[in-house]
Amino acid sequence: MSLPIVAIVGFPNVGKSTLVNRLAGGREAVTHSESGVTRDRKRVRCDWNGLAFELLDTGGIDLEDSSELARDIQRQARLGIAEADVVMMVVDARAGVRAGDVELAKTLRGSEVPVIVVANKVDRPEDEHLTAELNQLGLGEPLPVSASHGLGTGDLLDRAVELLGEHAQPSEDSDAVRVAVIGRPNAGKSSLVNAFLGSERVIVSDRAGTTRDSIDTEVEVDGRRVVLVDTAGLRRRSKVAGTVDYYAQLRSEHAVERADVALVVCDAGDGITAEDLRVAEMAMKAGCATLLALNKWDETRTDVDDARARVTQKLRLRPAVITCSATRGRNVANLLPKALALADRAAERIPTPELNRFVTDVAAKTPPPSRRGRRLRMYYAAQVGERPPRIAIQVNDRKLINREWAYHLENRLRETYGLEGVPLVIDFIPHSGNRRGG
């Protein structure tokens, strides 16, 4: 059963994302002094007193802004209000009631959804008198809150849970597979997410960098729960240092770290670029199973085997590769099942007897390296971790191991157990019975 939704709405730059971060107990949404940073609907799970619901962070609603992007943001915010069980209307108490607040309040008064007026930026108890003016919005008694300092947020959560009533659900651990959709700006990540969902849930624009946050959306694939995370385009940090995109970059990297699978979206028209390879390597090094999706395949004549060969040549941590077209639907239906299969393989364990037989066979076919008449010996192998799989092998002397043979062993493991696209860690451990590591 899906969690109930509390939508956070308001004029641009009144502190909505800061409030989401405070209520969710983390740094989930991008916050910056520049107005209009939040553009899509972003869901963040919130737990309060044993009950769970979702906070829906929306873009600032400025009805007087007629730009195309502003209209998209307003539409996303209205969709958020339509699917909410409770709405929090955030107002800057220090700025007082503005024309945009009045227009939004008028819209909310016509809705059947319960509304809480949040008087934000009341940073001291003696400033609570600033909330009096907000009564004219006609949406009930405003609650004084300081999102940046935490003042009044407990009362606000109590009020939200009270209004949710029986819709609020007991907190429980999620068993959903998290799939982070990452890649360079304008590679088609949001289009692909919308193709998965069959609806326009995130803003799609030809303008690079439209998505600035990590947008979580839960779907069901073959009876299993999947959380899709649409992220901001990844660039080199040096290129975005000192800008709001820097914080979006950090959020995207964090989304990869907590994902089970990274779906790296590449613009097939550009081929697989050095930047695409950097993004894929970042995901694999973070321990995330990785699938390269060559999007816009209908617009290119690049050979898929050439693309795979480039990945194999440049990256030791080999991600899986698949072609698709988000706009035409080509191969889109196969992407998420493929991602689930990668997540399953990353969670599997190889039985110890089987793993030891495998290591013995590899050593028999390709003898381990030797130095000065002393050959590498492997005594015992066991899998000691998963997500990603981690193999520990006891050896007589780690100094005898060279890179080529270690890569050979890793490649045989991948081929034998179908670990393409799954990070694999092999630790060579000195045998405890030998002072010199052997």
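**View 1. The whole chain, a predicted model.** Residues 24 or more positions apart account for 71% of the contacts with a separation of 6 or more in the protein chain. Keep in mind that this is a predicted model. If you're counting elements, the protein chain has twelve helices and 18 strands. Of its 438 residues, 53% are buried.

**View 2. Leu335 and the largest nonpolar core.** The largest nonpolar core holds 51 residues, and Leu192, Leu263, Leu335 and Ile393 are the ones with the most contacts inside it. Helix H10, residues 332-347, gives the most to this core: eight residues. Now zoom in on leucine 335. Setting aside neighbours within four places in sequence, leucine 335 is in contact with Leu192, Phe196, Leu263, Leu291, Ala293, Ile322 and Cys324. There's also a second, separate core, made of 24 residues, and Val6, Cys46, Ala147 and Ala160 are among them.

View 3. Strand E4 covers residues 86-92, and seven of its seven residues are buried. In a regular strand, side chains alternate between the two faces of the sheet. In E4, Val86, Met88, Val90 and Asp92 point one way, while Val87, Met89 and Val91 point the other way, and all are buried. Strand E1 (residues 5-10) pairs with E4 in the parallel sense over five bridges. To find that pairing on screen, look for valine 9, whose bridge partner in E4 is methionine 89. E4 also runs parallel to strand E5 (residues 115-120), and six bridges join the two. Here you can pick out methionine 88, whose bridge partner in E5 is isoleucine 116.

**View 4. Helices H1 and H4 crossing.** The axes of helix H1 (residues 16-24) and helix H4 (residues 153-164) come within 11 Å and cross at roughly 85 degrees. H1 and H4 are therefore roughly perpendicular to each other. Which residues meet here? On the H1 side they are Leu19, Arg22 and Leu23, and on the H4 side Thr153, Leu156 and Leu157.

View 5. Strand E17 (residues 390-395) and E18 run parallel, joined by six bridges. One handy landmark is arginine 390, whose bridge partner in E18 is valine 425.

View 6. Glutamine 383 sits in strand E16, which spans residues 378-385. Is glutamine 383 buried or exposed? With a relative accessible area of 6%, under the 20% cut-off, glutamine 383 counts as buried. A polar atom of the glutamine 383 side chain lies 2.9 Å from the backbone oxygen of glycine 385. Not counting residues up to four places away in sequence, glutamine 383 touches Glu348, Arg349, Ile350, Leu355, Pro389, Arg390 and Ile391.

How values were computed. Residues numbered from 1 in each chain as written. Predicted model: local features only at pLDDT ≥ 70, side-chain atom pairs only at ≥ 80, totals over all residues. Heavy atoms only, no water. Core = buried A, V, L, I, M, F, W, Y, C linked by side-chain atoms within 4.5 Å. Buried < 20%, exposed > 50% of the residue type's maximum accessible area, 1.4 Å probe, protein only. Helix = DSSP H or I, 4+ residues; strand = E, 2+ residues; numbered from the N terminus. Contact = heavy atoms within 4.5 Å. Polar contact = N/O pair within 3.5 Å; in protein donor to acceptor, adjacent residues only side chain to side chain. Pairing = 2+ DSSP bridges. Axes fitted to C-alpha atoms, helices over the stretch in contact; angles between N-to-C directions. Parallel < 35°, antiparallel > 145°, perpendicular 65-115°, else oblique.
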